[in-house]
Amino acid sequence: YYALGARYTNGPLVLFGVVDQQNYMNDGENWKRNKDSLAVTIGGNYDFGVAKVYAAAQYFDELRVSNAVSTPGLNVAGKSGQEKGFALSLSTAVPLGGGTLKAQLGYADAEDVVNSAYDGKRYVGGVGYQYPFSKRTSVYVGGSYLYDKVDTPSETKKTKIAQVFTGILHLF
């Protein structure tokens, strides 16, 4: 595995780029295609004072998706688990009432590199609020929604997941 990243900062503007690759050629697994994965990620944020806006985009090829860490909606029988596609994300953090309101939207489009008849799309959104009680302790509450759509040779599989969460964060 290797990665190379760079960051540029100029006042309220921060830009970054990362290229990473995983060498699968000698991993001992019996994959139909043993090409190395490649991911290219670019993004940045800008602090407008009243809100901080974040954006990122990623292209990936031969990326291996594990059933153990992926959302069940994208795990379909017959897929190789090797994906090619892109992802986009836009989010913001807004100071509000002594805390921070946060929101995010994301989209991903990927297809199986072994069998392009398997094509998946993912839409995500979330909103949350974090309020600090002290310098090291805060409380948070939020909600998120995820929608996966996978086209296969025989069907279209759709998965919808919504969640609400809350918690306390303490930094030691």
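Predicted model: local features only at pLDDT ≥ 70, side-chain atom pairs only at ≥ 80, totals over all residues.
Q: How many bridges join β7 to β8?
A: Two strands pair if DSSP finds at least two bridges between them. β7 and β8 form a hairpin with four residues between them. The two strands run antiparallel, and the number of bridges joining them is 14.

Q: What is the bridge partner of Gln104 in β7?
A: Let's turn to the other hairpin, where β6 and β7 have six residues between them. Strand β6 covers residues 99–112 and runs antiparallel to β7, with 12 bridges joining the two. In β7, Gln104 has as its bridge partner Gly126.

Q: How many aromatic pairs are there?
A: Rings of Phe, Tyr and Trp (its six-membered ring) pair if their centres lie within 6.5 Å; planes under 30 degrees apart count as stacked, over 60 as edge-to-face and the rest as tilted. By this rule, the number of aromatic pairs is six.

Q: How far apart in the chain are Tyr123 and Tyr147?
A: Their rings form a tilted aromatic pair, 6.0 Å centre to centre with 35° between the planes. Tyr123 sits in strand β7 (residues 119–132) and Tyr147 in strand β8 (residues 137–151), so the pair links distant parts of the chain, with a separation of 24 residues.

Q: Is Tyr147 buried or exposed?
A: Buried means under 20% relative accessible area, exposed over 50%, and partly exposed in between (1.4 Å probe, protein chains only). Tyr147 has a relative accessible area of 17%, so Tyr147 is buried.

Q: Why is the pair of Tyr140 and Phe165 tilted?
A: Tyr140 lies in strand β8 and Phe165 in strand β9 (residues 156–170), so the pair ties together parts 25 residues apart in sequence. Tyr140 is partly exposed at 34%, as is Phe165 at 33%. The ring centres are 6.5 Å apart, and the pair is tilted because the planes stand at 50°.

Methods: Residues numbered from 1 in each chain as written. Heavy atoms only, no water.
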